[in-house]
Amino acid sequence: IQVILSLTQDLRAPSLIRSRIKSGMTVWIAILMLLWCFISCFWAPDLVLSLKAVSGLLFFTIATLYLSSIDKTSLTEFYNASQKPLLYGLISAIFLYFIEYYSHGVISTTFKTIVQQKIVTFELPWLDRGVVFISLLSWVVIHNLLEQKQRILALSIYVCMIYILYLSDSLAGFVGFILASFAYIALHLSKMRLGWLMRLCFVLYIVAMPIFAYKQDPLEITNKYSIPDSAKHRLFIWNFAAKKIADHPIIGYGFSSSKNMATENDTVHYGQYQWCLLPLHPHNNVLQILLETGLIGLILFMLLVDNVLKWTIRNNSVIAASCFINYFFIGTISFGIWQSWWIGVGALLVLLLRRR
């Protein structure tokens, strides 16, 4: 309650209001989208589950808005104080990953054996969330090092991240990091003059993704092209979700309703697999928003994304643009967009990149 009251008081300040208007009304669009997500809970199949999910989104939104509104001096002090802990934490995480990978999970299996009291076999996907998190965090650390002229250390961390993502099971994390790298180079060399192209690509993707998901034939594509089994499964999920969207295109099925939509009969047999056509979420941020909150939610999401990109262009923040591209791309293939840890990662990145 105290946080909400403080945020409300801060938002009354004329300078802050002018700042928000000048920044393209990004905050207000986020609030409108949050409000629409809350309203959509009331036609979701499980009201309690949806309200619980939206409360997590509400918490991170309020916390991010409040922390972002603190005075510039305090924010600068926070950034300066966070640089070394971020660097040391990232280096420690890199070493921990290599220990886990080459020892076949000695740390995680020992921990699970002690806590769960049973013998477990290490699986590489256990490390996916951690790998994705440190890959996103590495952009902030690399940027800090480049500002301090520590180019060799920055390059070393970058190479380590590429290698870790290559070894990992997270294809989305690896491809997203590579795409963000190309974007960083292009935007840096053009001094953000290619920002308009970045905005255009995002708008075209958000519009085209539902159309592609509906029109594509998963069987034809999987039989014609050699792609990973996980990617094949995604095609079936996206096609199923798109057809569900066509039945309720305007308001959707309700916030966080994806996990309750597939029945026991909604499966597909493919080779040795029997895949669920909608396991927990569509594994695509655009489809999940459209499926659950409809066209209204998707339009608000598109406006939010475009305003974030306009902010990065206006502030000439190449690092923020690259980090956003990386974060957004991962969301097009992996993880549910409303998962608390994933929202938390996004909120942390917003705070760390707010003034950079």
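Hi everyone. Let me start with a term: a contact here means heavy atoms within 4.5 Å. What we have on screen is a predicted model. Among contacts in the protein between residues at least 6 apart in sequence, 74% join residues at least 24 apart.

Now the overall picture. The secondary structure comes to 15 helices and 2 strands. The C-alpha trace spans about 60 × 50 × 45 Å along its principal axes. For 356 residues, a compact globule would have a radius of gyration near 21 Å, and this protein has 21 Å, which agrees. Of those 356 residues, 48% count as buried. The protein exposes about 18,500 Å², with carbon and sulfur atoms supplying 67% of that area.

Let's move to the strands. How many bridges join S1 to S2? There are 4, and the two strands run antiparallel. S1 covers residues 267–270, and S2 covers residues 273–276. In the hairpin they form, 2 residues lie between the strands, and Gly 271 takes a positive phi near 60°.

Look at the two faces of S1. Val 268 and Tyr 270 make up the covered face, while Thr 267 and His 269 make up the uncovered one. In a regular strand, side chains alternate between the two faces of the sheet.

Cys 276 is partly exposed, with a relative accessible area of 27%.

That brings us to cysteines. A search of the whole structure finds 0 disulfides. Take Cys 160: the nearest cysteine sulfur belongs to Cys 323 and is 18 Å away. Cys 160 is partly exposed too, at a relative accessible area of 28%.

Note on methods. Residues numbered from 1 in each chain as written. Predicted model: local features only at pLDDT ≥ 70, side-chain atom pairs only at ≥ 80, totals over all residues. Heavy atoms only, no water. Buried < 20%, exposed > 50% of the residue type's maximum accessible area, 1.4 Å probe, protein only. Pairing = 2+ DSSP bridges. Disulfide = S-S within 2.5 Å. Rg over C-alpha atoms; globule rule 2.2 N^0.38 Å. Areas by Shrake-Rupley, 256 points an atom, 1.4 Å probe, with all protein chains shown as cover.
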